[in-house]
Amino acid sequence: MFMFFLVFVGIGAFLTAGATAALARHLTGKDALALAFGTLTMPAIILALLAYWLATLEVDDAPPGMVILGNLAVIGVITPVALLASHLTIKFLGRRTLRNSG
């Protein structure tokens with residue numbers, strides 16, 4: 001069940017990171033900046049949600065240790081997937097730009 005969840009989250013991260021990288025490349029025109037935005041957007045959102053959950057922790061919530069470990073496991077899966085998706089998106093857009101300009 002956990003592996004299915006990681007695969008499902010990985011596909012979502014792949015699509016989100018690719019779209020973020022494409023948008024950042026279109027807006028800035030810089031490949032490295034688009035790669036950084038595409039790679040780090042999802043882990044930053046997860047860490048922000050974890051920080052918010054820890055700040056608003058109540059007595060009847062789940063134990064924080066398990067939630068922190070789960071978030072770190074998801075970040076460990078999402079970051080390489082997002083890096084790969086951003087890299088492939090930027091490579092595709094770079095080749096497409098060269099083909100259209102010639």
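Helices (H or I, at least four residues) and strands (E, at least two) are taken as DSSP runs and numbered from the N terminus. The model discussed here is predicted, so local features are reported only at pLDDT of at least 70 and side-chain atom pairs only at pLDDT 80 or more, while totals for chains, interfaces and linings use all residues. Residue numbers start from 1 along each chain as its sequence is written, and side-chain values rest on heavy atoms, with hydrogens and water left out.

First, confidence. On the pLDDT scale, the predictor's confidence in each residue from 0 to 100, the protein chain averages 89, and 94% of its residues reach 70 or more. Where pLDDT is low, the predicted coordinates should not be read in detail.

Next comes the greasy side of the surface. V7, I11, F14, L15, L84 and L88 make a nonpolar surface patch of about 560 Å². Patches here are built from residues with over 30% relative accessible area and no salt bridge, joining nonpolar side chains (Val, Leu, Ile, Met, Phe, Trp, Tyr) within 5 Å and like charges within 9 Å; the areas come from the Shrake-Rupley method with a 1.4 Å probe, and for residues only the protein chains shown count as cover. Helix α1 gives the largest share of the patch, four residues, and α1 and α3 (64–101) each supply at least two. L88 sits in helix α3. With a relative accessible area of 39%, L88 is partly exposed, on a scale where buried means under 20%, exposed over 50% and partly exposed in between (1.4 Å probe, protein chains only).

Helix α1 (residues 2–28) also carries both F4 and F8, four residues apart, or about one turn of the helix. These two phenylalanines are both exposed. The structure holds one aromatic pair: the ring centres of F4 and F8 are 6.4 Å apart and their planes lie at 20°, so the pair is stacked. The rule pairs rings of Phe, Tyr and Trp (its six-membered ring) with centres within 6.5 Å, and calls planes under 30 degrees apart stacked, over 60 edge-to-face and the rest tilted.

As for charges, a salt bridge requires a side-chain nitrogen of Lys or Arg within 4 Å of a carboxyl oxygen of Asp or Glu, and the count comes to one. R25 pairs with D31 in this salt bridge, with the closest N and O atoms 2.7 Å apart. R25 counts as buried at 18% relative accessibility, whereas D31, at 37%, counts as partly exposed.

T89, in helix α3, is buried with a relative accessible area of 18%. Leaving aside neighbours within four places in sequence, T89 is in contact with G18 and A22. I46 belongs to helix α2 and is buried at 13% relative accessibility. Not counting residues up to four places away in sequence, I46 touches N71, V74, I75 and I78. From I46 to V74 the C-alpha to C-alpha distance is 8.6 Å, across 28 residues of sequence.

Terms used:
Contact means heavy atoms within 4.5 Å.
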